[in-house]
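Student: I would like to learn how to read a protein structure, one feature at a time. Could we look at one together?

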Amino acid sequence: MKHFTMCKFLNTLSILLFCFVGTISSSQNINLKVVGDDIQGYNVAVYNGNQLLVNNTEEFSIDLANTDFSEKTSIKNWTGAEWKGDSNTVELTRKTYLADFDLNISVTVSYEVINKNIVKKSIDITQTGMPIIYYTLIETSKPAQTPSKYVTFEYDNFQGGFAHEMFPSAGFVTPDNLVVGFLMDAGYKNHYTRTTRRRFNGHGGGFVGMRKLPDPNLVSVATLEERAGNQNYIKQSFGELYNLDSGKELKLQLNNQYKKVGSVEISKNDSIYKLNINSNEQSGFEMIAPFKDQKIYTVSFLSKGSTPLALKLFRIKNGKKTVELENGIKYIDKFPTQEKEWTLFKGSILVPYIENDSVSLFIGANDAKDCSLQIKNLQIVAHEPAIEPYNKIAIGETVTKTTYIFVEPFTNHHDFVISSQTRLAEAKKFEGSQIEKMMYANFNMLTWITSIDDFSPFNVPNMNYSPDMYNRDSFFSIVSSYNRELNLSIWNKWAQTQNQKGAVGTIITPYMGSIEVKDNEATIQFLIWAMMNKRRFGVELPKDKIQKAVDFVLNEFDDDRDGKCKSHFPLCQVDVLDFNPKTDRLAVNQGMLAIALRTIKELGYEISDSYIEKAEAEYRNFYDVKRKHLLYDKQFPDIIAITDLEPEFYSLWLFKRTILTDEMVVNHLNQIPLLNKVPNSPHPEYGTTAPLIIQLTKDKKGYSFMNTDYQPFGEFGKSNYVGGANDGIYYNGGSWFRAEYCAYVVGAKHGWKNAQKMMENRAWAEINLNPQWPYSKEFIPTKWTTTDSWWPSTRGLCWNVFILMADEVIGSRTPKMDPDFKN
């Protein structure tokens with residue numbers, strides 16, 4: 001066996017001593033100064049060297065209520081009554097009597113300089129006299145000088161208001177071009193959720209906005225009007241919800257002008273639109289909705305007809321339709337209607353900052369022919385919702401809110417986006433390379449609380465999938481961390497979805513249910529995760545749950561115990577098809593059975609070595625000596641997939657042993673085309689990305705994207721691969737970082753000479769191939785002419801943090817680099 005050693009380049013942080021609080025440093029490092037007195041109270045000002053950056057007059061404000069909201073009180077502009085500190089830390093304390101509640105609360109505000117660029121701020125609140133208090137806590141940070149502009153994660157010159165974006169980060173740029181950025185700890189620690197919608201009822205698919213909308217103002221910035229009045233600030237608000245069923249509503253006047261879409265005849269009589277649809281293309285009508293930035297609306301109407309209804313909202317910029325709105329009504333493609341009875345549709349939407357774009361509203365049908373629809377009483381109302389607290393302080397408990405400030409020279413928005421991620425990782429004392437820090441930060445910002453009534457941890461793959469936790473995705477995310485709380489809590493959430501057969505559910509979605517349980521790889525991952533939790537934390541896990549999962553895996557995937565895996569689904573991420581009856585044609589499935597058997601054996605169940613060896617031999621048998629690659633699907637021998645090396649990665653990661661030979665792995669990787677060559681990549685002679693799955697050909701090019709004549713995905717491929725429309729997109733040649741990077745690690749362990757270069761190129765591509773999107777993505781297209789064609793829904797997929805486990809396998813990082821690791 002050849003072995004590959006990868007040089008590791010770790011960012012070393014300069015650990016400097018800063019001037020003691022109460023003095024001003026002459027060095028260009030972040031430092032702290034306590035200001036105030038015994039009468040006004042004390043608070044902390046933040047300096048960079050001699051330059052005052054953040055000049056607050058208070059540390060926070062807090063609004064409190066009892067559980068029935070019959071009594072409310074506030075502490076405005078909290079300051080410390082006492083303070084103490086040393087060269088790197090400051091601690092402010094005060095005890096406060098709340099007469100409205102006849103209650104004492106104790107508060108400690110702590111600052112800690114992490115390194116020369118970052119300071120951590122924590123607010124600890126304790127009460128011992130009331131069963132539950134609801135509260136909202138607001139931190140307001142004020143620039144010492146009028147900023148030249150404000151920046152957020154998605155906008156280079158943010159115009160103010162709330163910034164509900166994919167990553168909660170905002171900053172201001174000083175007149176001398178320093179950026180002062182504001183970050184926060186993960187939602188499960190700070191008790192916030194970034195969910196704005198829920199799954200729709202009636203099996204109609206899609207999402208609608210929630211009636212109780214949590215944390216819309218999690219990050220907000222002074223508006224242009226406020227700035228004109230010399231008010232400049234960045235706020236972070238925790239535990240605030242908008243109640244759309246309370247407060248005020250204003251019914252808006254709709255524009256009677258609409259235009260037809262597709263092949264449809266439309267008539268309108270009073271409040272009723274009648275649509276007769278003649279073809280199976282998208283057909284209906286669209287109009288400009290009266291939506292404004294950073295407002296909340298509800299769309300409602302009655303419908304009936306002979307086809308399901310589709311409802312779409314898109315931004316319009318300069319007369320051109322661009323992206324779909326995210327934070328409410330989305331993916332409503334098949335809202336069920338009845339021919340003789342009216343059905344009510346009602347859904348809210350939070351309109352974020354959209355640069356004052358217009359919004360188009362489409363109502364009609366997708367893929368319907370010779371059908372009719374009627375729409376009655378179409379209405380849009382604007383909300384001024386009641387604002388309520390939802391965070392809780394239980395009696396005898398301490399709650400903590402943690403935020404961070406970072407300071408550095410401002411170069412451009414691209415670099416601010418990268419710094420928002422890397423500085424957050426550094427603030428949490430995570431060690432690693434730039435790409436590792438970025439993935440770790442993204443993972444933290446996509447791990448929040450389950451709901452406003454359930455503060456247990458919850459992990460969402462990316463904002464596009466919110467509010468849902470896809471279990472297979474959360475496995476790769478959470479197992480990459482040594483955080484005991486996260487691993488055990490979310491593993492137990494999986495366990496709660498287990499059905500009578502022992503299978504683990506595919507998805508957990510707050511506010512609605514899910515009945516989706518499949519014989520995919522989730523239950524195998526559940527067992528792998530149980531094994532890892534026992535290894536890492538020495539815990540005893542519920543034996544009944546593990547026993548049922550073991551029985552399911554053995555009986556579902558190899559009921560005759562011949563060592564051959566048979567399943568209805570691929571046991572990997574390629575989840576767009578199923579097999580009836582079960583198939584044994586897939587290489588990845590066979591490899592996953594072998595991994596499952598070895599896992600079950602380590603968990604203490606009787607599995608013979610000969611049985612495991614039989615399953616591993618069958619995995620090797622998928623290698624085609626003539627074609628020199630593993631067969632993704634024996635029925636489509638010219639298809640090659642990177643995911644077929646995933647079981648080999650599991651074996652190296654979990655058991656430190658190989659299943660495949662060097663020849664198999666090296667030849668397989670040599671067959672996969674390397675695409676997206678870029679001159680300024682680390683190794684421009686190679687591509688920066690590889691397709692997850694693609695067809696190999698015998699011509700000079702050596703590969704082709706799949707078409708309707710040769711593709712392994714059945715009806716999905718037939719409908720999506722027509723005319724080359726999706727070449728290089730999604731499962732027709734898209735590049736998926738996690739699977740690709742892990743495959744290169746497998747190659748490195750088997751002596752593939754290109755491994756290190758491709759790992760470096762692929763990490764570079766994730767950050768730089770699209771300079772407007774320097775962060776993790778679900779997939780990268782391998783065929784495109786402009787990055788405008790990249791799917792916005794792919795931004796920020798947090799399972800790519802699994803790079804941390806891959807880098808442990810290759811030897812470029814150790815568990816001790818994770819701040820949650822404990823010996």
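This is a predicted model: local features need pLDDT of at least 70, side-chain atom pairs count only at pLDDT 80 or more; totals for chains, interfaces and linings use all residues.

Student: Let us start with the overall layout; which domains does the domain assignment of the chain give?

Tutor: The assignment gives domain 1, made of residues 30-239 together with 390-421, and domain 2, which covers 245-388. If you take the centres of the two domains over their C-alpha atoms, 37 Å separate them.

Student: How many residues of domain 1 are in contact with domain 2?

Tutor: On the side of domain 1 there are 26 residues in contact, and they meet 29 residues of domain 2. Another way to read an interface is by area, and here domain 1 and domain 2 bury about 2100 Å² between them, with 54% of it on carbon and sulfur atoms. Within domain 1, the residues that lose the most area to domain 2 are Y155, F162 and R211, which together make up 31% of what that side buries.

Student: What about polar contacts and charged pairs between domain 1 and domain 2?

Tutor: Between the two domains there are eleven residue pairs in polar contact. The elements that give two or more residues to the side of domain 1 touching domain 2 are β12 (161-162) and β16 (207-209), and β16 gives the most, with three residues. Sorted by class, that side of domain 1 has eleven nonpolar, 13 polar and two charged residues. As for charged pairs, the rule finds two salt bridges across the interface of domain 1 and domain 2.

Student: What is the general idea behind a salt bridge?

Tutor: Side chains of opposite charge can pair when their charged atoms come close. In this structure the side chains of E326 and R197 meet in such a salt bridge, at 3.7 Å from N to O.

Student: How many salt bridges does the count come to by this rule?

Tutor: The count comes to 45 salt bridges. One of them joins K501 and E556, whose closest N and O atoms are 3.5 Å apart. K501 lies in the loop between α6 (484-496) and β37 (507-508) while E556 lies in helix α8, so this pair ties together parts that are 55 residues apart in sequence.

Student: Are K501 and E556 buried or exposed?

Tutor: K501 counts as exposed because its relative accessible area is 55%, whereas E556 counts as buried because its value is 11%. You can compare this with D633 and R585, which form a salt bridge with their closest N and O atoms 2.7 Å apart. That pair links distant parts of the chain, with D633 in the loop between β39 and β40 and R585 in the loop between α8 and α9, 48 residues apart. Both D633 and R585 are buried.

Student: Which helices hold E740 and R762, and what does their salt bridge tie together?

Tutor: The side chains of E740 and R762 meet at 3.1 Å, N to O. E740 is in helix α14 and R762 is in helix α15, so the pair ties together parts that are 22 residues apart in sequence. E740 counts as buried because its relative accessibility is 1%, and R762 is likewise buried, with a relative accessible area of 0%. Elsewhere, salt bridges that share partners join R315, K317, E355 and D357 into one network.

Student: Why does K566 count as buried?

Tutor: A residue is called buried when its relative accessible area is under 20%, and K566 counts as buried because its relative accessibility is 17%. K566 is found in the loop between α8 (543-557) and α9 (587-602). Its side chain is joined to that of D562 by a polar contact of 3.3 Å, and the side chain of K566 also reaches the backbone oxygen of K564 at 2.8 Å. Leaving aside residues up to four places away in sequence, K566 touches several others, including E556, F557, K582 and D584.

Student: Where is T785, and is T785 buried or exposed?

Tutor: T785 has its place in the loop between α15 (755-768) and α16 (803-810), and T785 is exposed, with a relative accessible area of 80%.

Student: Which residues of helix α12 are buried, and what covers them?

Tutor: In helix α12 (residues 662-671), the buried residues include M664, V665, V666, N667, H668 and L669. Among the elements that cover the buried residues of α12 are α10 (609-620), β40 (639-641) and α14 (737-749).

Conventions. Residues are numbered from 1 along each chain as its sequence is written. Side-chain values use heavy atoms; hydrogens and water are left out. Domain bounds come from an automatic or database domain assignment. Contact means heavy atoms within 4.5 Å. Buried area is the accessible area (1.4 Å probe) that two parts lose on being put together, summed over both. A salt bridge is a side-chain nitrogen of Lys or Arg within 4 Å of a carboxyl oxygen of Asp or Glu. A polar contact is a pair of N or O atoms within 3.5 Å; within protein, one must be able to donate a hydrogen and the other to accept it, and residues adjacent in sequence count only if both atoms are side-chain atoms. Helices (H or I, at least four residues) and strands (E, at least two) are DSSP runs, numbered from the N terminus. Ala, Val, Leu, Ile, Met, Phe, Trp, Tyr, Cys and Pro count as nonpolar, Asp, Glu, Lys and Arg as charged, and the others, Gly among them, as polar. Buried means under 20% relative accessible area, exposed over 50%, partly exposed in between (1.4 Å probe, protein chains only).
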